[in-house]
Amino acid sequence: MKEQAATFTAKSTVKAPDREHRRKINFNMARYNAVVPQGKSQFANLVNARERAKNIKWQAIETLDKQLETFEANITKRGANVLWAETADDALDEILKICEAKRCRTIVKSKSMATEELHLNKFLQQHGIESVETDLGEYIQQLDDEPPYHIVTPAMHKSKEDVARLFADKLGTAPNLSPGELTLVARQKLREKYTQAEIGITGANFIIADIGGIALTENEGNGRLSCAWPKTHIVIVGLEKVLPSVNDLALFWPLLSTFGTGQKVTSYNSIVTGPRKKDEVDGPEEMYVILLDNGRTNILANEKTRESLYCIRCGACLNACPVYKNIGGHTYGTTYSGPIGSVITPHLKEMGDWKHLSYASSLCGNCTEVCPVRINLHELLLDNRQEAVAEKHTSFGERAAWQFWKQAMLHRSLMNIGPGSMKSWMVNTFVKEWKQGHDAIQFPKKSFNQLWREQQNKNG
Ligand code: SF4
């Protein structure tokens with residue numbers, strides 16, 4: 001078994017029976033489940049809205065090259081710089097060059113999964129630059145030296161008591177502060193950082209091609225501060241996040257907020273179309289947009305998996321997934337967890353190393369059911385399995401076992417060889433991994449075939 005698969009299995013084995021973990025996740029997911037219907041109530045016809053969203057993303061992805069060039073041409077006209085990064089290292093090189101040119105020592109950063117892909121904070125730290133997360137959930141995770149647990153709610157697995165203890169430990173606050181008091185502590189610490197930061201880094205929820213802008217969605221106002229307060233604003237965004245028109249936001253903003261947090265619309269929605277103009281009083285002096293590929297064009301080239309690029313990172317499929325709820329976000333060992341993470345990670349990284357995620361699914365289809373852009377997630381997981389087999393990312397033992405099974409299934413005479421006790425011994429002895437998570441298999445003494453014949457004989 002590959003190292004990643006072995007780690008995944010080991011972590012899952014520990015996490016799945018952890019009742020305290022389940023209690024916290026169930027508590028937070030119950031709150032999410034309670035509010036989503038309120039968000040959905042704003043759509044006169046939600047089925048049509050989702051179909052339309054899928055259609056718009058289909059159009060955007062099928063014409064991705066043109067959309068991105070249009071975006072680049074439009075935003076460049078207003079003074080922004082667009083940089084294309086094929087790999088994570090390319091993106092990091094560009095960021096470092098900008099930091100060095102600005103003699104940057106402190107960065108304020110808003111929530112961005114693309115920067116998690118780059119392991120940006122660690123990289124900056126290695127170069128003597130402090131990068132401070134300003135989203136409260138991300139700030140909590142950074143204090144605890146943990147990656148985000150969930151793509152929308154990074155600290156979902158922590159209770160308010162856990163956070164109070166963490167703040168007491170790392171910031172010296174009283175150990176029993178309320179959530180409101182904890183937020184004020186974070187706010188005060190972060191405000192200081194905004195005044196020191198030379199650069200602000202944000203992600204983008206959408207790239208708007210026709211006006212040449214990026215759209216940011218958030219609930220705390222920290223994204224706005226991160227892009228507007230420091231003199232330089234860097235945006236790092238996956239190149240699939242494109243929408244053809246600014247008018248599409250009328251659909252995508254409420255869709256994202258409904259499926260992401262259950263809100264009708266998120267508190268702060270900003271469109272940034274370039275650095276500060278001469279007659280404007282605030283905003284950054286310079287703006288850079290880094291369009292990140294990092295494996296996305298592998299997905300684009302794959303006709304089956306391409307539709308996973310429609311994802312708007314709402315997190316709904318994570319919340320709906322029985323596997324995610326049992327094993328938790330960190331067990332996946334990837335930037336993107338849950339069903340969408342299991343679909344895209346083998347293509348963003350290596351199929352051979354990450355194919356095991358395609359099996360982290362009950363194939364119940366709940367992920368597909370809840371996806372606002374109707375990505376066929378559970379079928380894509382099956383496609384990944386098929387691709388892994390076709391590319392021979394399987395062991396000799398596995399291939400031989402399936403050949404044997406296939407022949408047995410095709411030939412009744414092979415199935416009838418030996419008594420049930422022998423079959424039980426064989427399966428329980430050789431299929432060790434199955435046995436770890438299940439009761440031993442006991443074949444009946446008589447096969448169905450024997451019982452059928454006996455019945456037929458009785459009936460004359
Ligand atoms: S795959 Fe669909 S449900 Fe999952 S995060 Fe993306 S948009 Fe949301």
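Analyst: Helix 10 (residues 179–196) has 18 residues, which at 1.5 Å a residue should span 26 Å, and its end C-alpha atoms are 26 Å apart, in agreement. The expected span is 1.5 Å times one less than the number of residues. Helices (H or I, at least four residues) and strands (E, at least two) are DSSP runs, numbered from the N terminus. The model is predicted: local features need pLDDT of at least 70, side-chain atom pairs count only at pLDDT 80 or more, and totals for chains, interfaces and linings use all residues. Residues are numbered from 1 along each chain as its sequence is written, and side-chain values use heavy atoms, with hydrogens and water left out.

Within helix 10, Leu-182, Val-185, Ala-186, Leu-190 and Tyr-194 are buried. Buried denotes under 20% relative accessible area, exposed over 50%, and partly exposed in between (1.4 Å probe, protein chains only). An α-helix has 3.6 residues a turn, so residues three or four places apart point the same way. The buried residues of helix 10 pack against strand 2 (106–109), strand 3 (130–133), helix 8, helix 9 and helix 11 (222–228), where contact means heavy atoms within 4.5 Å.

Rings of Phe, Tyr and Trp (its six-membered ring) pair if their centres lie within 6.5 Å; planes under 30 degrees apart count as stacked, over 60 as edge-to-face and the rest as tilted. The count by this rule is eight aromatic pairs. In one of them, the ring centres of Tyr-139 and Phe-167 are 6.2 Å apart and the planes stand at 85 degrees, so the pair is edge-to-face. Tyr-139 is buried at a relative accessible area of 7%, and Phe-167 is buried at 0%. Elsewhere, Phe-8, Tyr-149, Tyr-324 and Tyr-332 form one aromatic cluster.

As for the whole chain, there are 24 helices and ten strands. Buried residues make up 50% of its 460 residues. Of the contacts with a separation of 6 or more, 74% are between residues 24 or more positions apart. The C-alpha atoms fill a box of roughly 100 × 55 × 45 Å, taken along the principal axes.
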